[in-house]
Amino acid sequence: MAIAKRFPIAHAMVFPNGAFLRGYVEPVADFNGEKRADGSRPQQRDKETGLPLWQCTVIDGDDDANRKDIGVNVKFAAEVQPVPPKNTSPLPWTPVEFTGLTALPWIDDSGPRPRLSWSFRASGMVAPGQDRTDAKPPTAKAAA
């Protein structure tokens with residue numbers, strides 16, 4: 001098959017009515033890793049690049065989205081914590097657009113009925129309408 005597991009997708013296809021950052025960009029905890037002496041978990045690393053993983057929760061601006069699809073997690077594989085654009089809107093959430101966005105479909109069988117879900121990864125985020133380039137996700141193995 002010619003389609004890779006994770007495929008590039010335009011921000012506007014995933015969030016046609018906008019995406020709004022809720023909260024902060026945070027490290028992804030590695031629950032398979034050994035706990036540290038203080039009880040915390042190490043940060044998860046991307047299996048392909050070796051880079052640390054970060055995540056944020058965004059609110060999907062689609063009025064027709066059901067309650068399970070309103071809050072969407074987007075992950076980043078980056079050496080340093082991604083910085084969101086400054087919120088210049090009157091909203092309590094920061095409007096964002098993702099660059100280098102990719103999607104991975106998976107089956108969520110945690111409920112009474114299995115359903116198709118999506119895992120999203122981005123290389124960066126910018127303010128909507130900001131001049132941007134759709135940077136490709138990191139591919140080189142980073143020094144771990």
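## Strand pairing

Strand 1 (residues 7-8) and strand 6 (residues 102-108) pair in the antiparallel sense over 2 bridges, where strands are DSSP E runs of at least two residues, numbered from the N terminus, and pairing requires that DSSP finds at least two bridges between them. Within this pair, Phe7 stands opposite Ala103 of strand 6. Strand 6 also runs antiparallel to strand 7, to which 7 bridges join it, and a hairpin of 6 residues links the two; here Trp106 faces Ser117 of strand 7.

## Basis of the model

The model is predicted, so local features need pLDDT of at least 70 and side-chain atom pairs count only at pLDDT 80 or more, while totals for chains, interfaces and linings use all residues. Residues are numbered from 1 along each chain as its sequence is written, and side-chain values use heavy atoms, with hydrogens and water left out.

Beyond its neighbours within four places in sequence, Phe76 is in contact (heavy atoms within 4.5 Å) with residues including Trp54, Cys56, Phe98 and Met125.

## Thr49

Thr49 lies in the loop between strand 2 and strand 3 and is buried, with a relative accessible area of 2%, buried meaning under 20% with a 1.4 Å probe and protein chains only. The C-alpha atoms of Thr49 and Ala78, 29 residues apart along the chain, are separated by 9.2 Å.

Note on methods
Helices (H or I, at least four residues) and strands (E, at least two) are DSSP runs, numbered from the N terminus. Buried means under 20% relative accessible area, exposed over 50%, partly exposed in between (1.4 Å probe, protein chains only).
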